[in-house]
Amino acid sequence: MIASRILKKFIFFVVIAAVAVPLRYGSTNPKYVLLRLIHSALTLKNCFVADQNRPTLSPAYRAFEEILKSTKEPPHDPLADTLTTIQQQRASFPFVDIIPKPGQCQITKEIFIHGGHNVDAYWVDHRQKHSQKRSDKIILYFHGGSYTLGDIHSYSGSECHYSKLFNMTILHLEYRLIPEHPVPSAVEDAVAIYRALLAQGIEPSQIFIMGDSAGGGLALLTIQYLITHQLSVPHGVVVLAPWTDLSLSGESYTRNRHTDAMFNSDRTKWEVKVVVDTYASKLPPNDPIFSPLFGSFKGFPPMYVNVGTADTLEDDARGVVKKAQEAGVSVTFEAGLHLMHVYPAFFDYFPEARQTLDNINKWIHSI
């Protein structure tokens with residue numbers, strides 16, 4: 001009888017936990033729920049263990065950093081077949097388990113056509129107040145992933161959050177990836193969807209372009225193309241830790257090598273080779289066709305540039321800010337002290353990310 005009562009109580013507790021925990025974290029994704037539980041436990045521990053060298057960091061940020069540093073990446077073989085390696089990376093890309101899509105978020109596919117060029121894209125709508133797309137401002141979003149991986153499946157969670165926070169529709173571009181296509185293909189896709197939006201009657205003043213990491217670099221390359229071809233530029237651009245210098249000349253590639261829990265600088269050298277090798281002309285990595293840092297910023301719309309001071313790409317972002325300001329561009333720059341690569345993407349986990357996104361939201365609605 002006693003054993004039976006204990007068993008019933010245990011079953012009751014399991015059932016309650018199975019309902020309460022997913023409700024607490026807003027997802028039934030078991031990997032995500034487990035990650036949040038581990039993160040909560042580490043955050044509690046960090047409340048009692050100070051970081052004397054980085055006193056500004058929240059216990060929650062340090063907990064997330066601990067999780068990333070404890071995760072071992074599979075060994076990288078630079079001699080392995082490039083496409084096979086990248087396909088394996090795509091299959092194991094964990095972003096959907098870190099930031100899953102909320103159930104209420106609406107995602108609708110649309111194929112845009114401009115000049116015979118077809119581009120796949122997805123409308124992401126998690127706005128608090130629904131209204132017609134044509135009368136709203138739109139964020140055209142370019143995802144990160146070293147130009148080799150990332151798609152709507154992996155980025156829907158973060159883009160749904162941005163839609164809700166900014167109260168704007170997000171248009172996710174499913175641009176062509178390397179190594180199947182060279183980098184200029186991504187720029188062609190970005191320009192095609194932008195021009196298709198204009199052809200539909202959407203004004204440049206309604207459009208923001210936003211991107212993270214390689215997507216941030218793509219955002220800058222796209223605007224440089226628009227200006228070079230004397231096309232209207234969007235209302236503003238937001239870049240999170242943009243990858244802008246494929247020659248890896250910034251000192252932060254060495255300085256932040258061991259402080260960035262997100263970015264593997266050794267693997268980046270291989271990724272640069274993959275990017276450059278896809279282009280038939282074999283141009284150097286610092287050519288503006290790959291690296292927007294070495295292009296012109298004259299005529300750019302207002303910019304919001306964000307990077308962490310522990311980010312391997314810190315100097316890529318700072319270099320853009322310097323060149324843009326020298327060209328007379330209105331630039332708002334936010335450097336997150338001691339924070340990792342694309343840290344705002346992890347808004348579920350620590351307040352530093354949420355604060356930066358709040359800052360971006362205020363900027364978007366103020367210009």
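User: Where does Phe48 lie, and what makes Phe48 exposed or buried?
Analyst: In this predicted model, where local features need pLDDT of at least 70, side-chain atom pairs count only at pLDDT 80 or more, and totals for chains, interfaces and linings use all residues, Phe48 lies in the loop between helix 2 (30-46) and helix 3 (59-70). Helices (DSSP runs of H or I, at least four residues) and strands (E, at least two) are numbered from the N terminus, residues are numbered from 1 along each chain as its sequence is written, and side-chain values use heavy atoms, with hydrogens and water left out. Phe48 has a relative accessible area of 70%, and because exposed means over 50% (buried under 20%, partly exposed in between; 1.4 Å probe, protein chains only), Phe48 is called exposed.

User: What makes one side of helix 2 buried?
Analyst: Tyr32, Val33, Leu35, Arg36, His39, Thr43 and Asn46 are buried in helix 2. They cover an arc of only 160 degrees around the axis (taken from the directions from the helix axis to the C-beta atoms), so they lie on the same side of helix 2. Pro30 and Leu44, on the other side of helix 2, are exposed.

User: Where is Gln230, and why is Gln230 called exposed or buried?
Analyst: Gln230 sits in the loop between helix 8 (214-228) and strand 6 (236-240), and since its relative accessible area is 74%, Gln230 is exposed. Phi of Gln230 is near 55 degrees, a positive value in a residue other than glycine.

User: What joins Ile178 and Pro179?
Analyst: A cis peptide bond joins Ile178 and Pro179, with omega about 5 degrees, and Pro179 has its place in the loop between strand 4 (169-173) and helix 7 (183-199). Most peptide bonds are trans, and most residues other than glycine have a negative phi.
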